[in-house]
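Student: I would like to learn how to read a protein model one feature at a time. Could we go through one together?

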Amino acid sequence: MARFEDLLRPTPEGLYCPPGDFHIDPVRPVARALVTHGHADHARPGNRTVLATRRTLAIMALRYGEDFCETRQVADWGERITIDGVTVSFHPAGHVLGSAQILVEWGGMRIVASGDYKRREDPTAEAFEPVPCDVFITEATFALPVFRHPDSRGEVRKLIASTRQFPERAHLVGAYALGKAQRVIRMLREEGYDAPIFIHGALKRLCDFYQEEGIDLGELRPATIARGKDAEGAAKGEFAGAVIVGPPSAFADKWARRFPDPVSCFASGWMRVRGRARQRGVELPLILSDHCDWDELVETIAEIAPQEVWVTHGREEALVRWCALKGVRARPLHLVGYEDEGD
Ligand SMILES: [Zn+2]
């Protein structure tokens, strides 16, 4: 009688499937990788073959160059693909554009590796679909009952209100380059903000890709100050009251100091923790996460009702304990190498 661990097990390279001889989201180069989504901690270059959704493959090529692997294969949503007798299929995870949960079926067992996921509305990602399974592998980034994300639209409205309250000040929004930045921009548009939005150069290719995929981000301009008459960019005064979006790393450097009296904003689930906002010098924290909060994690487990839950990357203990109290077998996987690039 085969056990679940015969189908998928944690290894130093990441989750490994012995009968199919493949890894899911390997943290070191392997022969055959199945990749859930394009964040750098899950999607790494250097694997021989990669199977992922079309959008995830495109994102990997944008970030790492076309030679990020030797051969790639597209997994269409729900398409059943057989690898050495193991059947795999990709299902939307709601985390970022193209993000997938991977269902692995073999010998009558069904295990879902959900990668990173969220349940909340996101106009820039395919909505999460619950997939019936025996084992549900869940992330645990915000797996403590103190983590309850507020209404996302309310957070975006706070940003718009601040631009009206401080029309002389630039609003500098730190947001991860893949997913969070485009979500903030799209939600600003849906809340009626139609002025040009300025973006840091590091976001340009991904924003262009989202637009090509049909996600309308409105007018985006480079967040550079024009020097000389033919230079691209805006005059310094144009940044007054404007929204400027850049990756969090840009905020520590000179780049951030060119804007007039900036209001420092940061869009992250971690902004729920006041100390983190203070530490980063964030004046306007925007609690916007691409992960489930505590309630969404436990509601998802209750909805899917698997026989077992395997918990990975994050606060594993609290969720394992919650499962035990509900009579669901659960265990931490202790996978290493996942640092939630897109929180
Ligand atoms: Zn992620």
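Student: Which domains does the domain assignment of the protein give?

Tutor: Before anything else, keep in mind that this is a predicted model. The assignment gives domain 1, made of 4-146 + 291-332, and domain 2, made of 152-286. The C-alpha centres of domain 1 and domain 2 lie 30 Å apart, and 15 residues of domain 1 are in contact with 15 residues of domain 2.

Student: How many helices and strands does the protein have?

Tutor: There are eight helices and 19 strands. The radius of gyration is 21 Å, close to the 20 Å that the globule rule gives for 343 residues, so the protein is as compact as a globular protein of that length. Along its principal axes, the C-alpha trace spans about 70 × 45 × 30 Å.

Student: What share of the contacts in the protein with a separation of 6 or more comes from residues 24 or more positions apart?

Tutor: Residues 24 or more positions apart account for 59% of those contacts.

Student: Is H39 buried or exposed?

Tutor: The cut-off for a buried residue is 20 or more other C-beta atoms within 10 Å of its own. H39 has 28 other C-beta atoms within 10 Å, and therefore H39 counts as buried, although H39 lies in a loop, the one between β4 and β5 (47-52). Across the 343 residues of the protein, 45% count as buried.

Student: How should I read the pairing of strands, and which strands does β11 pair with?

Tutor: The general idea is that strands of a sheet pair through backbone hydrogen bonds, either parallel or antiparallel. In this structure, strand β10 (residues 109-113) pairs with β11 in the parallel sense over three bridges, and I111 stands opposite V135 in β11. Strand β18 (residues 308-314) also runs parallel to β11, and six bridges join the two; here V135 stands opposite E308 in β18.

Student: How many of the residues of β11 are buried?

Tutor: Six of the six residues in strand β11 (residues 135-140) are buried. V135, I137 and E139 point one way from the strand, while F136, T138 and A140 point the other way, and all of them are buried.

Student: What is the order of the strands in the open sheet of six strands?

Tutor: The order is β1-β2-β3-β4-β5-β6, and the pairing is mixed. The edge strands are β1 (9-11) and β6 (69-74), each of which pairs on one side only, and the twist from one strand to the next averages 30°.

Student: Which residues of the largest nonpolar core touch the most other members?

Tutor: In soluble globular proteins, nonpolar side chains tend to be buried together. The largest nonpolar core here has 95 residues, and those that touch the most other members are V104, V173, V184, I244, V245 and C265. This core draws at least three residues from each of domain 1 and domain 2. To follow one member, find V173, which, leaving aside residues up to four places away in sequence, touches L159, V184, V243, I244, V245, C265 and A267.

Key. Residues are numbered from 1 along each chain as its sequence is written. This is a predicted model: local features need pLDDT of at least 70, side-chain atom pairs count only at pLDDT 80 or more; totals for chains, interfaces and linings use all residues. A residue is buried if 20 or more other C-beta atoms lie within 10 Å of its own, exposed if 12 or fewer, and partly exposed in between; C-beta atoms are placed from the backbone. Helices (H or I, at least four residues) and strands (E, at least two) are DSSP runs, numbered from the N terminus. Two strands pair if DSSP finds at least two bridges between them. Axes are lines fitted to C-alpha atoms, for helices over the stretch in contact, and angles run from 0 to 180 degrees between N-to-C directions. The radius of gyration is taken over C-alpha atoms; the globule rule is 2.2 Å times the number of residues to the power 0.38. Two residues are in contact if their C-beta atoms, placed from the backbone, lie within 7 Å. A nonpolar core is a set of buried Ala, Val, Leu, Ile, Met, Phe, Trp, Tyr and Cys residues joined through C-beta atoms within 7 Å. Domain bounds come from an automatic or database domain assignment.
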